[in-house]
Structures are given as structure tokens and as C-alpha cells.
Protein chains: 2
Amino acid sequence: MVTFCNLTYLGVRGDNLDEFADMTSEIDRVDGEIIDKASKRMDSLTKPKGSLGQLERLAIKVAGITGKLNPSLNHKYSFVFAGDHGVAAEGVSAYPQEVTVQMLANFIHEGAAINVLGNQVGSEVVVVDVGVASDDIPPSVIDEKINRGTDSFTGGPAMSREDALASVKVGYRVVEEVAETGLDLLGLGDMGIGNTTPSSAITAIMTDSKPEEVTGRGTGIDEESLREKIAVVEEGLEVNQPDPTDPLDVLSKVGGYEIGAIAGAYLAGAANNVPVLLDGFITTAGALIAHAIEPGVADYMIASHNSVERGHEAAHEKLGLDPLLDLNLRLGEGTGAALAMHLVQSGVSVLNDMYTFEEAGVSPGGS
Amino acid sequence: MVTFCNLTYLGVRGDNLDEFADMTSEIDRVDGEIIDKASKRMDSLTKPKGSLGQLERLAIKVAGITGKLNPSLNHKYSFVFAGDHGVAAEGVSAYPQEVTVQMLANFIHEGAAINVLGNQVGSEVVVVDVGVASDDIPPSVIDEKINRGTDSFTGGPAMSREDALASVKVGYRVVEEVAETGLDLLGLGDMGIGNTTPSSAITAIMTDSKPEEVTGRGTGIDEESLREKIAVVEEGLEVNQPDPTDPLDVLSKVGGYEIGAIAGAYLAGAANNVPVLLDGFITTAGALIAHAIEPGVADYMIASHNSVERGHEAAHEKLGLDPLLDLNLRLGEGTGAALAMHLVQSGVSVLNDMYTFEEAGVSPGGS
């Protein structure tokens, strides 16, 4: 791949980001010339200009990302990164920690929502264990386990700085490997009981918000548990004092293994000119880490939906992204990303397959 | 089909609605028992309760409409009803009237947006000429032409009461015929240069709104043309004084042939226990006519998207429907309905194919 890395555009990195150099050096600026050409073609098709709204913008964005005027999206993948969280012991979730590993089995038997929704768009589901607190992992899960769950961030860092970097590298590597065999559209997802709590901590520090503004009910806790969850996030930030200019400091102190892997997956998508769909709150927390590592990565991201989870909106705003769907989803696993793949595919098919006014012999409009 | 018509629920009809008796007698109440069973099954699946938001409600609604706990949506159809409008001569559109028939050819050659988006969801596109102002209609278009365009409603009624009734019957009949061979999900669409103008007139009278509140830019007119378009709608209502309690009076005086056919298509969908997807502003105008004929028909409707067109929201509100998508669409043809078919299919697949907590051996949550 030929790269034309524009440091002014892509942001000037601090010294503490040298650790990511091998993951960011391949990220180009998206192709402005193709964007212009795709916009012109879109306006020549037999419909009033702009009448397909966000679908048109989406197709043009994918053209710019892929560098192709007629992108093909034959190879779609949904990656589900899984990890456990020491902070789950603080009673922040409606579900016991054992559900994480039980759900891995459900993914492999194709009984979960991501299997059904991935199947609807022809997206292959890949499950990666980055930090599940169990040794009873189904064989088809990719084994990249760094540790058996994080430590609770209320007592100090969730993980070491080395392990945080390793988690980002895992996400980068597994996506890179698939890209070598063909990857046109990537959806990211998470599994990890308790993982909205570190996501709230990351979102608070990265969007400069108060914990209460970006902490929600996760899988469905009550009002009292929500107050306790907010207190846990506040305590984590107070104890650890993460530095927002140092993404690895934030990830290691208040993050999670699957969140680091998700961050790395964005970087790999961008490095391979692949559009990457965000999902719910955990994937936007990962996106905030990736964005702090390399701001240019946001140009390769597509926000699939606006979740019920408080804080999702602040994350999207920080990333400069406008979500496609608003269906009150709050499941995770990459389900919203899979749903939105249909919109991406539809927009691209419009760009590729519709007739122009000239081809169809239709009179162009007066305005 | 066994019918249990509940007149209290379905609304008491006035004498002037006897003309529709053969089209409304087969419309049942949706199946409450199946709705309860589908809701219970949805809550037993391996996800936090309610975490798939509107997708869950959608699947439960489809179960109620079809009367099936495991609905199959193998046979999808997108109907595009076409007609021309005398009022187009008043300069209300950015496109010349000849575009209506040119687009029919484009539909048949599969070069239009509805062809591309229908193809993405496996929906067959059927085009019906109800009132196009041309004799040069492509052979594959279903010929149900009632007249060569309406008269301009600024000089009196757009059509006769008999022709208005005939247009509703056309829509009913063509859908009924397809239903006999297999129809599981129906999307409605329109083609007709100038047809946002009669749609604004219908929406104004049926939602008790001022013309300026429900008249928009259609395919893309400028500010001055918009002011003139509003004046045209005001004039049509002033000249014709349509009676909102008499849907055939409204349709004949300020409607259009394709709008009448769309109204009939909703009734046929409901009579055959088929969920029917609305599209843009013209299809909600048809829905308001159908709803005035038979209020119970709204239970069979699914609002696909919230259009850019001013007035779409007032129509949805009157129908008690909450649109699924908000993508700044304003194309028509049934394109939004086709996009939303993916969400309907996805919701139904979740209901049919996901594992329960028990089947998957996953611990249920505490709340």
C-alpha cells in the first residue's frame, strides 16, 4: 500500500504515542479525488439531487475510504471482542460475570442476536477472547487472552500499560489477518459483563464530561444501582487520575482488554482502507482511544446507531460522527453495526447500479 | 379467511362509507393472543429484555398482524403506483410531467432507486399505471389506467367520485391478486410529477393543518415556487371545500389516481393479514384516506421513515405511527419502505432464530 501520510491533517502526535507508530503509519488520508467523482456520479443518477439523504453521503464516504468509485462490499465481518472486568464485583451490572463466557458459547452455536443480524447482511461473525475470566473457552473462539479479566479500577489501574498496549495490538492484528484474505466492511462489537462502567470512565475523561452525564443503565440496572455505578466511575477516575492526552494511560487505568482490542481494530480498518462501523457505547469508548492515538482514524468510521446508553451521544460528538439509526438499541455484540451494514450496502449499490438521467433517457429537473 | 370484525374497535362508519364495504369486511383485529406469546418469547431470548428496542416491537407487531408466532417473510413486494396531475401545470414541481412516463421505463429497465433498494431486500417491484398522462406505457407496467392525469384542482375537482372509487379498487385488486399467490410483506410507493401538491391538500384537510404547515419542496423547488405551491393548495381547498369525514370526497376533489390506489392497497394488505410499509409523503396521504375509510387499517401499517417533506410528521401522528428511519430521504418510489424491509426482516429473524436463555444455558439477569 502506498501511503501519503499528512501529519498536519492527521494530527501531530505526542512522544507518548510512539508506541503506536507501527499501527498508524499505514493510515492514509481518505481519497478526495474519488469523493469528488462519486459526488458527481451520485448527482447524475435518476433521482432528485440529494433525495436519498444520508444514504448518498454514506456511499460517497465509502468511495473515499476505499479509493474506489464503484466499491464492492462482498467481504463483510463482524468482530466481537470479549473481556471481563474486575469492576463487575462492585455490582455495576444486572448480570453475573459468568454470562460473558456463556455468551461466547452462544455466539459459537449461532444463537445470539449478532449471529442472526450478521446473517441477515452476510457478515461473518468472528469472536476473539482478549480477557475473559474463564479457561473454559469454546475452541472456535480466537484465543488472544491477555489476562483473566481486569482488576477493579477502584483500587488502582485496571491493567498494566504493557497489557493495555498488547490489547490494542491484538485488535489490530486479528483484523489485519482477515484483511489479507479480503475485507470490505468491518463491524465491531463487544461482550463483557460490566463493560459499560469502564466505557463511562473512558468517555468521561475523553469528552471532558462528568461521570453522571455519561453513565447509564447498561443491561438494565435500577435507579439505586445507577447511583452506585456513577460513584464507582467517580472513584475510578479519582484514584487513577488518567491523563486524557495519553490514550494508553486512560486505557490501562480505567479501560478493558476488549476495549483496547476494539481501538486497535479501528486502526487496522483505517490502515487497510476499510470502512469500520461503530456499534454501541463500548465501541465508541474504543473509538475514543483510537481517535486519541490517531485523529485521522475517524474518517474511516461510520456511526451505526444512537444507543439508549447515556454518554453515547457525547462520544459521537467528540468523534464528529452522526449515527444512522435511532432504534433504542442497547445490546452491543455489534448488533447495531450489523443492522447498519444494510444501509452502507444499499448506499453503495445505489452508487454502483442506478442509471444516470442520460442512460435512462429521463429529463433532468430544473433545479 | 375467518373474520371477527369488531365494529367498536374498527370505528363506526358513516353511510357514505358503504361504497367500501367489500374492501373493509375482511379486515380483522390483529391477533392479541399471538402478540402476548411473541412478547413472552422475545423476553426469553439471550439478550437483556427490550435491548433490541424498536426491532423487538416491530417483530411482535408482525406476529400480531400475521397471526403467526414465527412469521416467514419470503414473499416481499414493492408496488409503485403511478399517476399524473393536472396541477403540475401550475409550476409546483422542479420536473416536467413527461418524467412520470420516462421513469416508468426506468423502473422496467431496473435503473431506478426502487429497483436497486428492492433488490437489496429481495422485494419484487411491481409498477401499476393508474393515471399516467401518456399512452406510451412500457408493456411490463400493469395497465389499470383510469384517466390520462387528473384535472387541476384549482378549477374544480381533480376527478369524479366514481373515478376516485375506481382508483381505490385498483389498488385493492392488484394487491389482492398478488396475495393469492403469496405475499408476506408489502411496501408501497408512488410515481407522479406534482404529486406532493395533492398530498399536501389531503394532509391539510385530514390532519386539520394549515396548507403552509404541510406543504414542502417536493423534488426540490425554490422559496418562491414554494410560496406559489402553498397558494395552489390553499386555492384547491377553497374552491373544492372537501369534507374530511368523507374520504372519497377528499380523494376526488384534491387527490390523485395513484393516491387512491395506494389507499386501496393498504386495505388489501390489512384484509390479507400482511404488514404494509408506508414510504414518503404521498404514501402517508394515501394512508390518511385508507384510515378515514377504516381506522383499523393503521394496525397493519409500519412507518418506514420520517421524510424531509414538511407534513409527513403530521400524517404519521394522525395515524399513530412512529417511523423507523430518519435519513433525510425525499425520493418516494417506495425506496424508504424497501430500506425498512430489512429492519422488519431483521426483527422477525430475531424472534424466529435466536436461542432462549434456557436453550443457550446462559444465566438470566437479575432485573
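Predicted model: local features only at pLDDT ≥ 70, side-chain atom pairs only at ≥ 80, totals over all residues.
**Entry 1: ground rules.** I number residues from 1 along each chain as its sequence is written, and chains are lettered from A, with ligands numbered from 1, in the order in which they are written.

**Entry 2: chain A overall.** I looked up the secondary structure of chain A and found 15 helices and 6 strands. Helices (H or I, at least four residues) and strands (E, at least two) are DSSP runs, numbered from the N terminus. The C-alpha trace of chain A spans about 70 × 45 × 40 Å along its principal axes.

The accessible surface of chain A is about 12800 Å², by the Shrake-Rupley method with a 1.4 Å probe. Carbon and sulfur atoms hold 45% of that surface. For contacts (heavy atoms within 4.5 Å), I took those in chain A with a separation of 6 or more: 76% of them join residues 24 or more positions apart.

**Entry 3: the sheet of chain A.** I traced an open sheet of 6 strands in the order E3-E2-E1-E4-E5-E6, with parallel pairing. Two strands pair if DSSP finds at least two bridges between them. Strands E3 (142-143) and E6 (301-303) of chain A stand at the edges with a single partner strand each, so one side of each has no neighbour in the sheet. Helix H5 (residues 98-108) of chain A packs on the sheet and touches E1, E2 and E4 of chain A. The direction of H5 makes about 145° with that of E4(A); axes are lines fitted to C-alpha atoms, for helices over the stretch in contact, and angles run from 0 to 180 degrees between N-to-C directions. Helix H7 (residues 161-181) of chain A lies across E1, E2, E3 and E4, at about 155° to E1(A). At the E6 side, 3 bridges join E5 (residues 276-278) to E6(A) in parallel, and Leu278(A) has Ala303(A) as its bridge partner.

**Entry 4: strand E4 of chain B.** I found 7 of the 7 residues of E4 (185-191) in chain B buried. Both faces are covered, with Leu185(B) among the residues on one side and Leu186(B) among those on the other. E1 (residues 76-83) of chain B joins E4(B) in parallel by 7 bridges, and Ala82(B) stands opposite Met191(B). E4(B) also pairs with E5 of chain B over 2 bridges, where Leu186(B) stands opposite Val276(B).

**Entry 5: Thr150(B).** I located Thr150(B) in the loop between strand E3 and helix H7 of chain B. Thr150(B) is buried, at a relative accessible area of 8%. Beyond its neighbours within four places in sequence, its contacts include Asp84(B), His85(B) and Tyr257(B).

**Entry 6: the two copies.** Chain B can be laid on chain A with an RMSD of 0.0 Å by a turn of 180° and a shift of 0.0 Å along the axis. The copies are thus related as by a two-fold rotation axis. The superposition is by least squares on the C-alpha atoms of residues with pLDDT of at least 70 in both. In chain B, Leu325(B) has the C-alpha nearest the axis, at 3.3 Å. I noted that 100% of the interface residues of chain B are also interface residues in chain A, so the copies meet through the same surface.

Note on methods
Heavy atoms only, no water. Buried < 20%, exposed > 50% of the residue type's maximum accessible area, 1.4 Å probe, protein only.
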